[in-house]
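We will go stop by stop, selecting one piece at a time.

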Amino acid sequence: MSDFFAPAALSVSELNALAKNLLEEHLFGLWVAGEVSNLTRAASGHYYFSLKDSRAQVRCALFKGTAAKLAAPLKEGDHIELSGRISIYEARGEFQITVNEVRLKGLGQLYEAYEKLKAKLQAEGVFAPERKKPLPEHPRAIGIVTSLAAAALRDVVSTLKRRAPEIPIIVYPTPVQGAGSEKQIAQAIATAAARHETDVLIVCRGGGSIEDLWAFNEEPVVRAIEACAIPIVSGVGHETDFTLADFAADMRAPTPTAAAELVSPNRAELLRKLALAQTQLRGTLQQRYYDASQRLDWLARQLRHPQQKLDEQKTHLAALQQNLRFAMQNQHRFSAQALAQQQQKLAHLRPDTAAVGRDLAAFQTALQQNWQALFNLRRQGLEKQAALLEAVSPQHILARGFSVVKNSRGQVIRNADSLKQGQKLHIVFAEGETDVRVTREHKQPDLFDYS
């Protein structure tokens, strides 16, 4: 019967959900302190770690958005204080803290404020190396911003008097710790910048706790250093102490005494360098004197009487005239030889016109003789042809009693049978000619027919 009235069992997910609600409703607004252990950073940018002490540990999740707000990334072994949503991760039933805020344990809010302001100023470029101003090598005056009661002031002044007693010192007094001291330090720096009485400024105080030095971590002091047109050397605290003023200054010195050494030239070193320069200058001048003396002696040896120089010039001129005469003679001789050679070459190259003229005259004489002989020969042949032509000339035939009978067309009548009654004929005699007409047909008898 007891089993029948027993309450119903919860599922695992219901149990985890119930525990999650109980934790979130009753555990909130708490800060938990411990050491970071098993720290991992996922690819998403989220952090997962365990927060532990000597007897227990709890799982923690720090998501990317919250982690980006931290002054410095978490590291293994950091002792921190955190607050967040205390709950259960239902999927695995693990007790964990989803972190909303983180601060370093021990330094607490001061250190957190320091890191946040440092990150802010660094993002603005206040600490950038390119904005640092160089320190003057030989300042005309040196300014000091510190408290008149500070032991650091005595150390700085004594160092400056030892190293450079000739350089004037101007102190801009201000409290260096306590409530409101950051504003007074900033005002002293602004006053020094406005008066512009010095070429370099030392902002310093002696060592102390982080609370004692805190004024030099305040934003007004850092902003005043950034805005100052005069180069500033920060000498705050001991060598292991770092303040935001150190990062903003144009140069940081580990101690106030070191700051004084940085801004002041070393008088003993300057005197040593001056003595060295004097020695070098004396040596240089002496060497120049020796060089000038040797040059003067050389010039003195080169100095001669004008008559001697004139005689040398006359001798040189006579030598030049003789050389010129020899040169002209040689040139004339060479030119004459060259002309003779050219004439000889021309004689070889020029044709023998006399021989050709004689040959031409002989050729002309032979031509004329040959032409005359040919002419006579041709004339004789012509005369023979003329005589032969004369011998066979029809005129001679006509002179022997013959005549030439032609018809009206000028054709010679060779056959009497071709004549017709009444035909007109033309008869040519040895002397004269006449026209006749055929009156009757009559066959001419043979010349030798007498029967």
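In which sense do β11 and strand β12 pair, and over how many bridges? Select residues 424-428 to find β12. β11 and β12 pair in the antiparallel sense, over 4 bridges. Keep in mind that this is a predicted model.

**Stop 1**

Now zoom in on one pair. Click N407, then look across to β12: the bridge partner of N407 there is L425.

**Stop 1: strand β8**

Select residues 200-205, which make up strand β8. Is this strand mostly covered or mostly open? It is mostly covered: 6 of its 6 residues are buried. Show the side chains. V200, I202 and C204 point one way from β8. L201, V203 and R205 point the other way. Both sets are buried. In a regular strand, side chains alternate between the two faces of the sheet.

**Stop 2: the partners of β8**

Click I142 and you will find V200 of β8 opposite. For an example, pick I202: its bridge partner in β9 is V233. Then follow the chain from β8 to β9. The path goes through helix α6, residues 219-227, and this β-α-β crossover is right-handed.

**Stop 3: an annotated region**

Select residues 10-102. An unreviewed UniProt entry annotates this stretch as "domain: OB-fold nucleic acid binding". What share of the chain here is helix, and what share is strand? Over these residues the chain is 20% helix and 46% strand. The end C-alpha atoms are 37 Å apart.

**Stop 4: helix α11**

Select residues 353-391 to show helix α11, then pick out Q369 within it. Why does Q369 count as exposed? Its relative accessibility is 52%, and the cut-off for exposed is over 50%. Last, select A9 together with Q369. They are 360 residues apart along the chain, and their C-alpha atoms are separated by 171 Å.

Terms used:
Residues are numbered from 1 along each chain as its sequence is written. This is a predicted model: local features need pLDDT of at least 70, side-chain atom pairs count only at pLDDT 80 or more; totals for chains, interfaces and linings use all residues. Side-chain values use heavy atoms; hydrogens and water are left out. Two strands pair if DSSP finds at least two bridges between them. Helices (H or I, at least four residues) and strands (E, at least two) are DSSP runs, numbered from the N terminus. UniProt positions are given in the numbering used here, feature names are shortened, and annotations may be inferred rather than shown by experiment. Buried means under 20% relative accessible area, exposed over 50%, partly exposed in between (1.4 Å probe, protein chains only). A crossover is right-handed if, with the strands pointing away from the viewer, the path from the first strand over the helix to the second runs clockwise.
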